[in-house]
Amino acid sequence: MRKKILAANWKMNLTHTEAESYFQAFLSEIGHINDVEIVIIPPFIAIPALVSASEKVSFVRIGAQNMHWEKSGAFTGEVSATMLRALYIKYVIVGHSERRTLFGETDEIVNRKVKTALDAGLRPILCVGETLRERDSGQVEEVLRRQLHECLETVMEKDLTEIVVAYEPIWAIGTGRSATPAEAEQAHAFIRSVLAELYGVLAADRVRIQYGGSVKPENAEDLMRQKNIDGALIGGASLDPRSFARIIWRAEAALT
Ligand code: PGA
């Protein structure tokens, strides 16, 4: 049984004080949650405030949106896996399409980040997904296969369950146009089949695969009911604590 994981990717939004207010509002909204895992992923600078605010809240974890692949050194402006671990961070997003398209991250860089994160005891949320042009020209499977093969190169089977894969079709991110539950399920099942080719069916079965791209309270339940969808990575709709809470309730409703 894969526990669903709902993660709020704030991107470059909210100051550290706004993050604290958000967190208090979110807690009073959500009450207590046991059945799904919740991760809030703010900009780096708000991480310390949220880590201390969430100290006594066992069902919420704080994550990071990015990290460098080297352990330390002359990399002005970068943050290392060790620094994140020192703040008790567990999850880190790697290979988000915004990092790939706006900051030139390649599959090779993403692969290095995955391995560095695992070495440091972090769980990577590995983002994959196709562009609209790739979808329209029938290349979805080819793109996903290539991204998975390259981003997971030399990653060992024992580490696979530490990884969460996020399927994020680029045409659905921030556009209001989510993949339909059937489209998403098809891609998720394909991703799991590629993981099974690489690591065997049993290992692939344990990996959680999140869907990301215009998830909102209105579409969350139908998406979460799909067999191979094990959670969501939510951008825009997670910036409002009430809307993030509503998405989590819809995910819980999908469990019944
Ligand atoms: P969105 O972003 O929910 O705003 O589409 C998702 C993401 O980029 O992780």
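Is Glu105 buried or exposed? Glu105 counts as buried, because its relative accessibility is 8% (buried means under 20% relative accessible area, exposed over 50% and partly exposed in between, with a 1.4 Å probe and protein chains only). The model behind this value is predicted, so local features need pLDDT of at least 70 and side-chain atom pairs count only at pLDDT 80 or more, while totals for chains, interfaces and linings use all residues. Residues are numbered from 1 along each chain as its sequence is written, and side-chain values use heavy atoms, with hydrogens and water left out.

Glu105 has a charged partner. Its side chain meets that of Lys113 in a salt bridge, at 2.7 Å from N to O (a salt bridge is a side-chain nitrogen of Lys or Arg within 4 Å of a carboxyl oxygen of Asp or Glu). Lys113 is buried too, since its relative accessible area is 2%. A search of the whole structure turns up 18 salt bridges. Another one joins Arg112 to Glu108, at 3.3 Å from N to O. Both of these residues sit in helix 5 (residues 107-119), four residues apart, which is about one turn of the helix (helices are DSSP runs of H or I with at least four residues, strands are runs of E with at least two, and both are numbered from the N terminus). Elsewhere, Arg2, Arg192 and Asp230 are linked in a network of salt bridges.

Now for the nonpolar side of things. In soluble globular proteins, nonpolar side chains tend to be buried together. The largest nonpolar core in this model has 75 residues, and those with the most contacts inside it are Phe26, Ile40 and Phe244 (a nonpolar core is a set of buried Ala, Val, Leu, Ile, Met, Phe, Trp, Tyr and Cys residues joined through side-chain atoms within 4.5 Å). Helix 9 (residues 181-199) supplies the largest share of this core, seven residues. A second, separate core is made of eleven residues, among them Ala7, Val39, Ile93 and Ala166. As for Phe26, once its neighbours within four places in sequence are set aside, Phe26 is in contact with Ile38, Ile40, Val60, Pro241, Phe244, Ala245 and Ile248 (contact means heavy atoms within 4.5 Å).

Next come the open spaces. The largest pocket holds about 510 Å³ of space (on a 1 Å grid over the protein atoms alone, a pocket is an open set of points with protein on both sides within 12 Å along at least five of seven lines, a cavity is a set of points where a 1.4 Å probe fits but cannot get out, and lining residues have an atom within 4 Å of a point). Grid points are joined across faces, edges and corners, and a volume is the space filled by probe spheres set on the points. The largest pocket has 19 lining residues, with Lys11, Met12, Gln65, Arg99 and Phe103 nearest its centre. Helix 4 (residues 97-103) gives the most to this lining, four residues. By class, the lining of the largest pocket splits into nine nonpolar, six polar and four charged residues (Ala, Val, Leu, Ile, Met, Phe, Trp, Tyr, Cys and Pro count as nonpolar, Asp, Glu, Lys and Arg as charged, and the others, Gly among them, as polar).

The second largest pocket holds about 270 Å³. Strand 3 (residues 60-64) gives the most to its lining, with three residues, and the lining as a whole has seven nonpolar, two polar and three charged residues. Val60, named above as a contact of Phe26, is one of the residues lining this second largest pocket.

There is also one cavity of 30 Å³ or more, and the largest cavity has a volume of about 40 Å³. Its lining includes Gly95, Arg100, Cys127 and Glu168, and helix 4 and strand 5 (123-128) each supply at least two of its residues.
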